[in-house]
Amino acid sequence: MLRSLQQLPADPILGLSAACRADPNPGKVDLTVGIYMDEAGVCPVFEAIQMAQRALVEEEVTKAYLPAAGDESFNTGLQRLVLGEGSAALLEGRVSSIQTPGGCGALRIGAEIVHAAAPDARVWVSDPTWPVHIPLLGSVGLEFRTYNYYDPATHGVNFDAMVEDLKNAVAGDVVLLHGCCHNPCGADLTLPQWGVIAEMAERQGFTPFVDFAYQGLGDGLEEDAAGLRLLVSRLPEVIVAASCSKNFGLYRERVGAAIFVCSDAANARAILSQSQAAARRVYSMPPAQGALLAGRVLSDDRLGAIWRTELSAMCQRINGLRSDLRRALEAQCGGDFAFIEREKGMFSFLGLSAEQAQRLRHEHSVYMLDSSRINVAGVNARNIGYIAESVAKVL
Ligand code: LMR
């Protein structure tokens, strides 16, 4: 039976990271997977998480399963972080959430719920979007439509084209939006543009599904949530897939949450029961470690303050790297790279062809995706000159 299956090509993101690891060139540069790296090229553990971890080791008395919906202080803390302390939806009790294995688990549970509620729902995804969105949501049986988003000519959002496409989204459809720090392009909607999407959702009846994996890494925790909170303030239903991989540095611990803003408290309870059943049939129970750590940070004022300071320093460093990279590329290549400074979060397209991105890998050991998506957080003072020189050579 197993012999009937063929070997698949490597994952377009993880495969390149593996190729970089295998590259013996000591000067190699890894700009592939979206992980935050510090000046030393290390993906650090937050001090606040280390403190929570030490306390957990001291106090933990069991490894019994978590409840089906996950850790309660994690769920309530994350709801407040994402939706805001004073969120009317939260105060009205019409929000439910389930702890999931990473943001991917949240996307999958969100998709399961959408499919259960509306099996014929079409999911509208931005062009481009994170490549994993399609297999993750598609494996549930949902169909896709694409909306225009990024314009390579302007290195920005083609909002008019996006609106034109989304005029075709109807009640029972889902529009997948990147809450902030768009992956892969880094170009985000402005707050007035979020307002237009909210109006369209109100008028046409589609449901926004917000992938929220980078809160705190664009402009700040509150600023990055403004668009999503605007949707929640105006619409009866919003689905959010939140991830703690990047903003708590808990990547391998796999922690996130599917958050459902529902029209009333009874429906929120119904959706919670549906999410628990969906989780039970997909992976049964969530892993504990990451949620227990993030839950502690979110419920302890002192740890929370330390974490916010650390996250804000990361965010500022990424924005500083964006300015430095713009200057280095303009100095080496000429041309206008101001878009790198305008874009947000970990990712930007450099605007190279696939062939140029491949030459960077093969001739210079500078690894980025074929789309020329780079992880800006992989740039540092030691490699920035080499990156800019290498790009100039393939241009
Ligand atoms: C990325 O886009 O590089 C990250 O979100 C990691 C992943 O799982 O692909």
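Okay, let's start with the inside: sorted by class, the lining of the largest cavity has 6 nonpolar residues, 2 polar and no charged ones. For that sorting, Ala, Val, Leu, Ile, Met, Phe, Trp, Tyr, Cys and Pro count as nonpolar, Asp, Glu, Lys and Arg as charged, and the others, Gly among them, as polar.

Quick housekeeping: this is a predicted model, where local features need pLDDT of at least 70, side-chain atom pairs count only at pLDDT 80 or more, and totals for chains, interfaces and linings use all residues. Numbering runs from 1 along each chain as its sequence is written, and side-chain values use heavy atoms, with hydrogens and water left out.

So, who lines that cavity? Tyr147, Tyr149, Met162, Leu177, His178, His182, Leu189 and Trp194. A cavity here is a set of points, on a 1 Å grid over the protein atoms alone, where a 1.4 Å probe fits but cannot get out, and lining residues have an atom within 4 Å of a point. The volume of the largest one is about 40 Å³, taken as the space filled by probe spheres set on the points, which are joined across faces, edges and corners.

Now the ligand. Which residues are around it? Ile13, Val33, Gly34, Trp130, Asn183, Tyr214, Lys246, Phe347 and Arg373, each with a heavy atom within 4 Å. By class, that shell splits into 5 nonpolar, 2 polar and 2 charged.

Ligand oxygens sit 2.8 Å from an N or O atom in the Arg373 side chain, 3.0 Å from one in Trp130, and 3.0 Å from a polar side-chain atom of Asn183. Alone, the ligand exposes 260 Å², and the protein buries 81% of that (Shrake-Rupley, 1.4 Å probe).

Definitions and conventions: Polar contact = N/O pair within 3.5 Å; in protein donor to acceptor, adjacent residues only side chain to side chain. 1 Å grid on protein atoms, 1.4 Å probe; cavity = no way out; pocket = protein on both sides within 12 Å on 5 of 7 lines; lining within 4 Å.
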